[in-house]
Amino acid sequence: MIVLEDLLRDRGSRYAASAGPVRTRAEIDAFLATLRDRRKFAKATHHSWAAVLKEEGPLKGDDGEAGAGAVILKMLEREGLTDTIVVVTRWYGGVHLGGDRFAHVVTCTR
């Protein structure tokens with residue numbers, strides 16, 4: 001598991017990105033559980049994620065950050081990256097970011 005913390009800050013919100021190998025939905029769930037077991041990540045507001053599995057196809061999750069999983073998925077598909085999960089974590093800072101949140105998801109996914 002690769003975890004890059006405090007990649008971006010904007011109006012009180014903080015972002016991190018995590019990635020690792022996965023081959024099944026069960027491994028995705030285990031990856032997310034391991035991430036949430038970290039004290040700091042357990043307090044996060046959103047864990048948006050996506051993965052393109054060779055056996056199961058594309059999967060994504062927004063975790064309340066509508067559209068974020070689709071943004072990550074599109075980037076993974078464009079790069080042809082399979083059997084890898086990318087998770088963008090956000091700690092909400094109290095100010096709505098509007099469309100800027102999608103730019104932040106793209107930056108963190110890169």
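Residues are numbered from 1 along each chain as its sequence is written. In this predicted model, local features need pLDDT of at least 70, side-chain atom pairs count only at pLDDT 80 or more, and totals for chains, interfaces and linings use all residues, while side-chain values use heavy atoms, leaving out hydrogens and water.

Student: Hello! How are α3 and α4 oriented to each other?
Tutor: Helix α3 (residues 68–79) and helix α4 (residues 100–109) have axes 10 Å apart and pack at an angle of about 40 degrees. Angles under 35 degrees count as roughly parallel, over 145 as roughly antiparallel, 65 to 115 as roughly perpendicular and the rest as oblique. The two helices, α3 and α4, are therefore oblique.

Student: Which residues of α4 does α3 meet?
Tutor: Contact means heavy atoms within 4.5 Å. From α3 come A68, V71, I72 and M75, and their partners in α4 are F102, V105, V106 and T109.

Student: How many residues line the largest pocket?
Tutor: About 230 Å³ of space lies in this pocket. Strands β1 (2–10), β2 (13–21) and β5 (84–91), with helices α3 and α4, each supply at least two residues of its lining. A19, V86, C108, T109 and R110 lie nearest the centre of the largest pocket, and its lining residues number 14.

Student: What volume does the largest cavity have?
Tutor: On a 1 Å grid over the protein atoms alone, a cavity is a set of points where a 1.4 Å probe fits but cannot get out, whereas a pocket is an open set with protein on both sides within 12 Å along at least five of seven lines; lining residues have an atom within 4 Å of a point. Y15, H46, S48, E65, A68, V88, R90 and V105 line the largest cavity. Its volume is about 30 Å³.

Student: Which strands each supply at least two residues of that cavity's lining?
Tutor: Strands here are DSSP runs (E, at least two residues), and helices are H or I runs of at least four, both numbered from the N terminus. For the largest cavity, the strands are β3 (46–53) and β5.

Methods
Axes are lines fitted to C-alpha atoms, for helices over the stretch in contact, and angles run from 0 to 180 degrees between N-to-C directions. Grid points are joined across faces, edges and corners, and a volume is the space filled by probe spheres set on the points.
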